[in-house]
Amino acid sequence: MEFEIDQARFLSALTLAQTVADRRSTMPVLANVLLRATTNDELVCCSTDMMIALTETVACKVSDPGSLTLGVRHLHNVVRTLPSGAVKVKSLDNSWAQLLASRSEFKLMGMPEGDFPELPDPAGVSFTQIPSHKFVDLIDKTLFSVSTDEARVNLNGALFESDGAQATMVSTDGHRLTKYSIALEGPALAKSIIIPRKGMDEIRKVLNRVEGDCKIGVSDQYLFVQAEALTLSVKLNNVTFPPWQQVVPKDFQRRAGIGREELMGALRQAAVIAPEKTATVKLQLDKGNLELHADNPELGAINLDLPVDYEGSSLTAGFNANYLIDALGAVHTERIYLDFQGELDPCVLRPAADDGEEAAQADFLAVVMPMRI
């Protein structure tokens, strides 16, 4: 195999490929990228960790079609140091490769191509075209509340539902829950799917490089995303998502309206003082006033008073400040609502769909469980 490729274009493909490759696996080949030079003057870069697989096709000048596999992290570091311009790559005996650029020559040790695993095949999968930014928006507004505990498989991903007219994504880590729905002329799924956290993050990275639309398709085991010269497959979590509707309070007795930026700024100040592990902040609601209080025996205490639109009875409750900050970061309206039942009940954060904001914003809600104070 032998090909010539632009250094910047090669580096861009390797940068994305190394985010998928698994350096910690007991299978060393998963830390590699498969480079396949075709007769169509294209280089196909493939990487996988057995859960996520990425294929990107980039233009190059192929002298001798073929393929080889190299450690993606080391190859990326080498290409990054090369000067701009053409890079020549040639396969050598015993799975070695030669890289030539300007006056530099590298020889890198690879692995046999046959060791590289076969990637999921999207043939036969029905794809639907959707705006890329809408899929990214669904992920951005729910990823932060996906559990980071990989042992809790049913929580280590987000529920995705689509009926062809509306799409909904729900995530929870057991302490908070986020639900976001948008109008989307997308796939009509027969049943909901659970997209793992790492897969959501990788989809976001891929689609943030894309302008316009992408295509998505779902098989029994995989979600496929195609955009421009990229194909990404994500193995779905084959588990049952918790009955999230039971977590969302059906009604509220107290509602406080407040400016989003003002509340976020106050919570960030309180989080600096609050205990690092729990970030507990006490919220005290009275007519027209919200008081935030955080106390840390090792640092001190903080009190903040904020004006709110509130006419109900007084309420005192504790919450994780960082959870509220994350939820506020996913909202773009100027004002939000904080809905409460009692002091030991969860807080529901909703955007206030006024001031000419899009009605779709009203389809976002975040539930944060209370903490002992």
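**Helix packing and domains**

Reply: Helix H1 (residues 7–20) packs with helix H2 (residues 72–81) at an angle of about 150°, their axes being 9 Å apart. Axes are lines fitted to C-alpha atoms, for helices over the stretch in contact, and angles run from 0 to 180 degrees between N-to-C directions; helices (H or I, at least four residues) and strands (E, at least two) are DSSP runs numbered from the N terminus.

Me: Why is H1 called roughly antiparallel to H2?

Reply: Angles under 35 degrees count as roughly parallel, over 145 as roughly antiparallel, 65 to 115 as roughly perpendicular and the rest as oblique. The angle is about 150°, and that makes H1 roughly antiparallel to H2.

Me: How should I read these values, given where the model comes from?

Reply: The model is predicted, with local features needing pLDDT of at least 70 and side-chain atom pairs counting only at pLDDT 80 or more, while totals for chains, interfaces and linings use all residues. Residues are numbered from 1 along each chain as its sequence is written, and side-chain values use heavy atoms, with hydrogens and water left out.

Me: Which residues of H1 and H2 make the contact, and how do they divide by class?

Reply: With contact meaning heavy atoms within 4.5 Å, H1 contributes Gln7, Phe10, Leu11, Leu14, Thr15, Ala17 and Gln18, and H2 contributes Val72, Arg73, Leu75, His76, Val79 and Arg80. Ala, Val, Leu, Ile, Met, Phe, Trp, Tyr, Cys and Pro count as nonpolar, Asp, Glu, Lys and Arg as charged, and the others, Gly among them, as polar; the contact of H1 with H2 thus has 7 nonpolar, 4 polar and 2 charged residues.

Me: What makes H1 roughly antiparallel to H4?

Reply: The axes of H1 and helix H4 (residues 197–207) come within 11 Å and cross at roughly 170°, which makes H1 roughly antiparallel to H4. Here Leu16, Thr19 and Val20 of H1 meet Lys198, Glu202, Lys205 and Val206 of H4, a set of 3 nonpolar, 1 polar and 3 charged residues.

Me: How do H3 and H4 pack, and which residues meet?

Reply: Helix H3 (residues 132–140) and H4 pack at an angle of about 145°, with axes 10 Å apart. Ser132, Phe135, Val136, Ile139 and Asp140 in H3 meet Met200, Ile203, Arg204 and Leu207 in H4, giving 6 nonpolar, 1 polar and 2 charged residues.

Me: Where do the domain bounds lie?

Reply: By an automatic or database domain assignment, the protein chain is divided into domain 1 (2–115), domain 2 (127–245) and domain 3 (248–371). The C-alpha centres of domain 1 and domain 3 lie 49 Å apart.
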